[in-house]
Amino acid sequence: MLAGKRILLIIGGGIAAFKSLDLIRRLRDQGVKVTPVLTKAAEEFVTPLSTSALAAEKVYRDLFDLTDEAEMGHIELSRAADLVVVAPTTADLMAKMAHGHANDLASTLLMATDKRVLIAPAMNVRMWEHPATQRNLAILTGDDVLVVGPDEGNMACGEYGPGRMAEVPDIIAAIGAALGEGPLKRRHVLVTSGPTHEPIDPVRYIANRSSGAQGTALAAALRDLGARVTFVTGPADVRPPIGVEIVAIETAAQMLDAVEAALPADAAVFAAAVADWRVENASESKMKKDGSGQAPALSFAENPDILATISKGQSRPGLVVGFAAETDDVVANATAKRARKGCDWIVANDVSPETGIMGGDENRIVLISQDGAEDWPRLPKDEVARRLAQRIADAVAG
Ligand code: CTP
């Protein structure tokens with residue numbers, strides 16, 4: 001998918017620089033041309049020779065290297081790529097970028113480029129959390145700089161927390177998303193995911209056991225096929241994917257508003273486990289025991305059916321996919337649900353506790369369309385997502 005793309009890779013000075021060598025190798029495996037630039041500090045961690053050998057390209061190191069200027073000026077170098085990636089991005093590089101410094105080759109290229117820039121920050125947890133770094137981050141995201149990571153974990157310096165550079169596959173996924181390549185290029189896909197929370201009072205709510213894993217994996221798989229993804233998510237356990245537009249909501253009513261605001265779309269996938277009911281008499285203030293031993297009476301109102309509303313609405317996407325979580329008569333119930341809700345496909349699964357599907361890593365689905373029911377083998381949720389995304393791409397772009 002990335003074959004033929006050109007990336008200008010600026011390697012900053014940090015212990016994570018060694019991972020950037022692996023990044024070069026894996027990008028080249030995919031047919032990407034990588035032009036590496038080393039900062040002075042980076043040369044303390046990786047050598048120009050190993051970088052150049054892995055990239056099979058000249059390594060650029062110095063702004064005032066006249067040979068380089070004769071071959072390719074720094075302005076041209078900054079624009080010859082499809083994307084500029086800075087990995088690792090140190091606190092110092094972030095500060096330079098945020099404030100427009102141009103006092104070495106890397107910072108000058110970053111000022112001169114007309115391409116999008118993706119940074120993969122890596123630094124000590126205190127440095128990452130420092131207000132100065134967070135201010136710089138806000139400036140950079142405001143400037144449309146893309147950010148991948150940092151991850152949380154044990155750090156080379158012995159501390160724990162956010163600051164580790166994102167893993168190479170995540171950086172590659174972010175590069176793919178930044179370049180918007182794939183069969184769903186220029187297509188807009190909407191995905192709902194996770195549970196909803198329906199308040200009882202300001203501190204209590206009704207929820208369900210959805211982790212958001214399947215919806216999150218689907219959004220990432222659609223992104224990897226080049227789609228612009230709007231990801232409308234309830235409070236899920238899993239982190240939302242990078243490189244998608246995240247709209248965080250809590251209630252079913254907010255989810256419907258967010259979905260309607262995100263239309264039009266070429267396809268919409270409703271993977272969320274939306275609460276069917278909300279508490280009609282939710283209290284504005286915390287409900288208290290009154291000492292009488294009398295439990296409060298909650299009354300319920302039905303939530304809007306988001307999938308049915310959109311399927312039957314004016315701005316219906318060309319392809320509408322619903323999910324059906326069933327415990328009995330999966331195919332019969334899901335087939336009836338498809339007709340009732342007016343969607344094109346239903347992804348049905350058996351969520352009986354003994355299947356371990358709800359909240360688990362695997363899924364076994366039956367895809368129901370106008371052509372009938374198609375049984376899929378039990379697969380990891382990521383793989384189900386990739387296959388479904390491909391089917392969506394075939395239907396939308398085919
Ligand atoms: N759905 C929705 N809005 C709701 C309820 C469900 O958009 N208020 C969507 C879900 O995202 C899913 C599909 O409808 O794509 C089916 O969800 P499911 O919970 O299986 O169905 P229900 O409508 O709750 O039907 P039932 O309670 O009869 O199983």
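**Ligand shell, domains and backbone features**

Reader: Which element gives the most to the shell around the ligand?
Author: Helices (H or I, at least four residues) and strands (E, at least two) are DSSP runs numbered from the N terminus. At least two shell residues come from each of α12 (306-311), β16 (319-326) and α13 (330-341). The element that gives the most, with four residues, is β16.

Reader: What kind of model is this, and how are residues numbered?
Author: The model is predicted: local features need pLDDT of at least 70, side-chain atom pairs count only at pLDDT 80 or more, and totals for chains, interfaces and linings use all residues. Side-chain values use heavy atoms, with hydrogens and water left out, and residues are numbered along each chain, as its sequence is written, from 1.

Reader: How many charged residues does the shell around the ligand have?
Author: Ala, Val, Leu, Ile, Met, Phe, Trp, Tyr, Cys and Pro count as nonpolar, Asp, Glu, Lys and Arg as charged, and the others, Gly among them, as polar. The shell has nine nonpolar residues and one polar residue, and its charged residues number five.

Reader: What percentage of the ligand's exposed area does the protein bury?
Author: F270, A272, F323, K337 and K341 come nearest of the 15 residues around the ligand. Polar contacts (N or O atom pairs within 3.5 Å) to ligand oxygen atoms involve a backbone N or O atom of A272 at 2.7 Å, a backbone N or O atom of F323 at 2.8 Å and a side-chain N or O atom of K341 at 2.5 Å. Taken alone, the ligand exposes 570 Å² (Shrake-Rupley method, 1.4 Å probe). Of that area, the protein buries 78%.

Reader: Which three residues supply 62% of the area that domain 1 buries against domain 2?
Author: By an automatic or database assignment, the chain is divided into domain 1 (6-179) and domain 2 (188-284 + 291-397), with C-alpha centres 37 Å apart. Their contact (heavy atoms within 4.5 Å) takes six residues from domain 1 and five residues from domain 2. The buried area, meaning accessible area (1.4 Å probe) lost on being put together and summed over both parts, is about 370 Å², with 62% given by carbon and sulfur atoms. More than any other three residues, the suppliers on domain 1 are D151, A173 and A177.

Reader: Where does P264 lie?
Author: Two cis peptide bonds may be described together. One joins A87 and P88, with omega about -5°, and P88 lies in strand β3 (residues 83-89). The peptide bond from L263 to P264 is cis, with omega near 5°. P264 lies in the loop between α11 (252-262) and β13 (267-270).

Reader: What is the phi of A56?
Author: A56 lies in the loop between α2 (48-55) and α3 (66-71). Although A56 is not a glycine, its phi is positive, at about 55°.

Definitions and conventions. Near = heavy atom within 4 Å. Polar contact = N/O pair within 3.5 Å; in protein donor to acceptor, adjacent residues only side chain to side chain. Buried area = accessible area lost by both parts, 1.4 Å probe.
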